Amino acid sequence: MKLEIITNQNPKPKPDETKLGFGTRFTDHMFNMDYTPDLKWHNPRIEPYGPFTMDPATMVLHYGQGIFEGMKAYRTESGSIQLFRPRDNFKRLNYSARKLCIPDIDVEFALGALKELLRVEKDWVPSAPGTSLYIRPTIIATDPFLGVRASNTYRFFIILSPVGAYYSEGFNPVKIMVTRDHVRAVRGGVGDTKTMGNYAASLLAGQEAHDAGYTQVLWLDGVEQKYVEEVGAMNIFFVVNNALITPALSGSILPGITRDSAIRLAKSWDMPVSEQKISIDEVIAHHNSGLLTEIFGSGTAAVISPVGELKYGDQILKIGDGTVGPIAQKFFDAIMDIQYSRVEDTMGWVEPAV
Ligand SMILES: Cc1ncc(COP(=O)(O)O)c(C=O)c1O
């Protein structure tokens, strides 16, 4: 398939790299490709970034048949641009696609198209410390139809957004509230996919946590509300007796690429790591016995996010001494050092983009 490139004749001024937030600025071009039952995926093109015109009956607007990914391009100290495990993101997009009755994309074609888009937009990849170019591949159902069924037509697009250092004021532990009133996902559902409704379903609990003075929500399983699943839109790790524990992928947890990277790094360091069910009662017991020394979240946006306080009903658990724990710091440094090529990539995770 030939990738057509239509250049934007009105490029925008680049933002101030020291003032980048998250997801507010977008580059000059986007990738688009369409699916119809007869032509399959076709008409791949890079064209000026701009709004879509949609029929108000477009299916994604009504039934949420849409999926996305989140990944980043990093500028190294030598000025080159690279990706971190990009095939894993496109494979996860295909996993989400299968569960949402959306046709798969060809991983190598999508990666090639992304690299071409990054070549066109290379000057948008920021170089200030901790900054990157966030990449949002998305597929939406486009039939204008109000019956409930899988759409016949789809749009696959990729947009890019320069983003700031996640921790502009330093990397400090956050306060988390365990929600007992809401669940994010259930086994057999779509919690292990990146589909839009999961995020819509998480908003009210997030808002309640904010209103109570907490940064994020800790989600328990959707059946018994007993076992820990995720924290906000991140996977979660506990350090108990110097060993790492993370909830096993149960079907309702998103299989995070940062999570997998942390597990593989831990194994390479001979740090004990266990993927298992862990209940909130066990977490409290480990805290009370003094064995629980750290909790942190993992995800593409923040890499590692240490937890300093956990609220569960009336109980407030202070985790560690209010500063970033040594194990959270070790993962944060190790993963970022690989992403920005400050160390040799012995895992084979980075890939030149341009
Ligand atoms: C619900 C949820 N859990 C976990 C993650 C972390 O996944 P990753 O490490 O691949 O970014 C994300 C972010 O993508 C997410 O949205």
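How far does a polar side-chain atom of Arg 92 lie from an oxygen atom of the ligand, and what is the distance in Å? In this predicted model, the distance is 2.8 Å. The ligand sits in the largest pocket, and 15 residues surround the ligand.

**Around the ligand**
- The closest of the surrounding residues are Lys 194, Tyr 199, Glu 230, Thr 258 and Thr 300.
- Lys 194 places a polar side-chain atom 2.7 Å from an oxygen atom of the ligand.
- For Tyr 199, a polar side-chain atom lies 2.6 Å from an oxygen atom of the ligand.
- On its own, the ligand has 390 Å² of accessible area, and the protein covers 95% of that area.
- Helix H6 (257–268) and strand S15 (292–299) are the elements that give two or more residues to the shell around the ligand.
- The shell has 5 nonpolar, 6 polar and 4 charged residues.

**The largest pocket**
- The largest pocket holds about 1,100 Å³ of space.
- Its lining has 43 residues, and those nearest its centre are Tyr 166, Gln 216, Ala 233, Met 234 and Ala 301.
- By class, this lining divides into 19 nonpolar, 18 polar and 6 charged residues.

**The second largest pocket**
- About 190 Å³ of space lies in the second largest pocket.
- The second largest pocket is lined by 18 residues, with Gly 130, Ala 165, Tyr 166, Phe 332 and Met 336 closest to its centre.
- Strand S5 (71–75) and helix H8 (326–339) are the elements that give two or more residues to this lining.
- H8 gives the largest share, 3 residues.
- The lining of the second largest pocket has 12 nonpolar, 5 polar and 1 charged residues.

Conventions: Residues numbered from 1 in each chain as written. Predicted model: local features only at pLDDT ≥ 70, side-chain atom pairs only at ≥ 80, totals over all residues. Heavy atoms only, no water. Near = heavy atom within 4 Å. Polar contact = N/O pair within 3.5 Å; in protein donor to acceptor, adjacent residues only side chain to side chain. Areas by Shrake-Rupley, 256 points an atom, 1.4 Å probe, with all protein chains shown as cover. 1 Å grid on protein atoms, 1.4 Å probe; cavity = no way out; pocket = protein on both sides within 12 Å on 5 of 7 lines; lining within 4 Å. Sits in = over half its atoms within 2 Å of the grid points. Helix = DSSP H or I, 4+ residues; strand = E, 2+ residues; numbered from the N terminus. Nonpolar A, V, L, I, M, F, W, Y, C, P; charged D, E, K, R; others polar. Points joined across faces, edges and corners; volume = space filled by probe spheres on them.
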